[in-house]
Amino acid sequence: MGMAASQARLLSITARMTDNENSAQDISYSKIRLADQTEQVNTDYLNALKATKLTVLTGFNGSEEVYTDISYNLMTGYNTLAAGQQYVVTDKKGRVLVTQKQKEAFEASNGYLNGFLAAYGYSQADIDVTQNSDASDEDKALVEQKIHDAWDKYLTSVDLHYGDEEHGLDFGFVSFSNDPYDGYATYTDLATGETKALNYEGTTQEQRELYDYAVALTEAYYGTSDSANKLDTAAKAENQTFIAYLTNIFNKMQSAGYYVEEDETKTLKDNAWFEEGLRSGDLQLEYYSATEKKFISTSIDSDSSIQEVEDEREIAIVEREYQMKLEEIEQQDTKYDMELKKLDTEHNALQTEYDSVKNVIDKNVEKSFQIFS
C-alpha cells in the first residue's frame with residue numbers, strides 16, 4: 001500500500017471511529033434519559049399508590065358497615081343512605097343542583113308545592129276517603145270536618161273569618177276542583193252554580209303551608225278529576241317519608257334557587273366528576289335537620305357518613321400501567337445495550353485496522369528518513 005493510499009485509508013478509519021464514538025455517546029445519553037424516566041415512573045407509581053376515593057355509608061352486613069363509592073344519586077336520592085339523612089348538593093352560590101325532572105316539575109307547578117308533588121303522583125293530603133267513595137257517612141263527616149278545620153286554621157292565620165259558611169265550603173253542596181299546576185283553588189257552589197277562587201292571601205311560609213295543606217285535603221276529597229283521585233296520599237304511612245323528601249327539595253329550590261347540568265350523563269352520572277367537585281369545593285353538601293327544619297351545611301371532611309379510603313381499583317390500574325412502562329423502558333434499554341455492543345465491536349475492529357495502517361505509515365516514514373539520511 002502506497003503512502004498516499006495509506007494516509008487516505010487512515011483518515012477514513014478515523015472518520016468512521018469518530019462517527020462510532022458519537023453514536024455510542026448519543027446512545028449513552030439516551031440510556032441516561034431512560035434512567036431518568038425510570039425514576040419518574042417510580043415516583044409517579046409511589047404517588048399513585050396513595051390514591052383514595054370517597055365512600056358513603058349505605059348499609060350494614062350484620063354489624064359490619066357497608067360503604068359505597070360516593071355519587072350524586074346516592075347523596076341526594078330517597079332513602080339511599082344508611083343514616084337515613086337527606087342531602088342536597090349546592091354550588092358556591094348556594095343554588096341547589098337538581099335533576100332535569102325536578103326542574104321541570106318545579107317550573108310546571110309555578111312554584112306551587114301541591115303541583116310539584118302531583119308531578120310525582122303524590123298528594124300531601126293525609127286522608128283516603130273521597131266524597132264519591134263507598135266510605136260510611138260517619139267517615140265522610142270526619143273528613144269534611146278535617147277539611148273545615150284546615151281552612152279555619154289558614155283563614156285565622158291571615159286574619160280572615162267567614163263565619164259558619166266560610167269560603168263556600170258548605171259540606172255536601174260544593175264541588176271542589178283544582179288544577180295542581182295553577183297554584184290556586186276554585187270551588188263551585190252547586191246551589192247557585194257560582195264558581196269562585198280561593199286565592200292565597202298570606203305572606204309567610206307557615207301561612208303558605210296551611211293553605212297548601214287545606215287545598216290538598218279539599219282536592220283529595222272533593223276533586224272530580226281522574227288525576228286528583230289517582231294521587232298517592234299521605235294517609236299511607238309508606239308515602240309520608242317520600243312526600244316529606246319531595247317537600248324538602250321543593251322548599252330548598254324555592255328558597256335558594258336551583259340549576260341543572262346540561263348533560264346529566266356526563267355529570268350527575270359521572271362519579272369522578274361529582275367527587276372532584278366535592279374535593280375542589282365547586283360542589284357542596286347540605287343535610288336536612290329535622291330539629292331546625294332546614295338544610296345545614298356539611299363537608300366531606302366532617303360528615304360522619306363519608307369516609308376516604310384507599311382506591312383499590314385505581315391502584316390496580318396504576319400498577320398495570322407501571323408494569324407496562326417498566327417493560328417498555330427495559331426493552332428500550334436492552335435495545336440500546338445491543339447497539340452499544342455492536343458499536344463497541346465495530347470500534348475494536350476499526351481500532352485494530354487503524355493501528356495496522358498507522359504502523360505501515362510509520363514504517364514507510366522511517367524508511368524514507370533512512371534513505372535520505
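**Entry 1: contacts and overall make-up**

I looked up contacts (heavy atoms within 4.5 Å) in the protein chain: of those between residues at least 6 apart in sequence, 68% join residues at least 24 apart. The model is predicted, so I note that local features need pLDDT of at least 70, that side-chain atom pairs count only at pLDDT 80 or more, and that totals for chains, interfaces and linings use all residues. Residues are numbered from 1 along each chain as its sequence is written, and side-chain values use heavy atoms, with hydrogens and water left out.

I found ten helices and 13 strands in the protein chain. Both are DSSP runs numbered from the N terminus, helices being H or I with at least four residues and strands being E with at least two. The accessible surface of the chain is about 21,800 Å², and carbon and sulfur atoms hold 48% of that. The areas come from the Shrake-Rupley method with a 1.4 Å probe; for residues, only the protein chains shown count as cover.

I then looked up burial. Buried means under 20% relative accessible area, exposed means over 50%, and partly exposed lies in between (1.4 Å probe, protein chains only). Of the 373 residues in the protein chain, 37% are buried.

**Entry 2: helix H5**

I checked the span of helix H5, residues 137–157. Its 21 residues reach 30 Å from the first C-alpha to the last, close to the 30 Å expected at 1.5 Å a residue. The expected span is 1.5 Å times one less than the number of residues.

Which residues of H5 are buried? I list Lys-140, Val-143, Glu-144, Ile-147, His-148, Ala-150, Trp-151, Tyr-154 and Leu-155. They lie on the same side of H5, because they cover an arc of only 160° around the axis. The arc is taken from the directions from the helix axis to the C-beta atoms. An α-helix has 3.6 residues a turn, so residues three or four places apart point the same way. On the other side of H5, I found Glu-138, Leu-142 and Lys-153 exposed.

**Entry 3: positive phi**

Most residues other than glycine have a negative phi. I noted these cases of positive phi. Asp-159, which follows H5, has a positive phi near 60°. Asn-79 has a phi near 55° and is found in the loop between helix H2 (72–76) and E3. Asn-79 is exposed, at 62% relative accessible area. Lys-293 has a phi near 55° and sits in the loop between E11 and strand E12 (294–298). Lys-293 is exposed, with a relative accessible area of 65%.

**Entry 4: Asp-212**

I looked up Asp-212 in helix H6 (residues 205–222). Is Asp-212 buried or exposed? Its relative accessible area is 4%, so Asp-212 counts as buried. Leaving out residues up to four places away in sequence, Asp-212 touches Tyr-112, Leu-113, Asn-114 and Gln-124.

The side chain of Asp-212 also makes a polar contact of 2.9 Å with that of Arg-208. Such a contact is a pair of N or O atoms within 3.5 Å; within protein, one must be able to donate a hydrogen and the other to accept it, and residues adjacent in sequence count only if both atoms are side-chain atoms.

**Entry 5: salt bridges**

Side chains of opposite charge can pair when their charged atoms come close. The rule I used asks for a side-chain nitrogen of Lys or Arg within 4 Å of a carboxyl oxygen of Asp or Glu. How many salt bridges are there by this rule? The count comes to 13.

I looked at Glu-346 and Arg-16, whose closest N and O atoms are 3.8 Å apart. The pair links distant parts of the chain, with Glu-346 in helix H10 (residues 312–372) and Arg-16 in helix H1 (residues 3–48), 330 residues apart. Glu-346 is partly exposed at 31% relative accessible area, and Arg-16 is partly exposed at 36%.

Lys-92 and Asp-282 meet in a salt bridge of 3.3 Å, N to O. They are 190 residues apart, Lys-92 in the loop between strand E3 (87–90) and strand E4 (96–97), and Asp-282 in the loop between helix H9 (271–280) and strand E11 (284–289). Lys-92 is exposed at 59%, whereas Asp-282 is partly exposed at 42%.

Lys-252 and Glu-286 form a salt bridge with their closest N and O atoms 2.8 Å apart. Lys-252 lies in helix H8 (residues 237–256) and Glu-286 in strand E11, so the pair ties together parts 34 residues apart in sequence. Both Lys-252 and Glu-286 are buried.

I also recorded a network of salt bridges that links Lys-31, Asp-333 and Asp-337.
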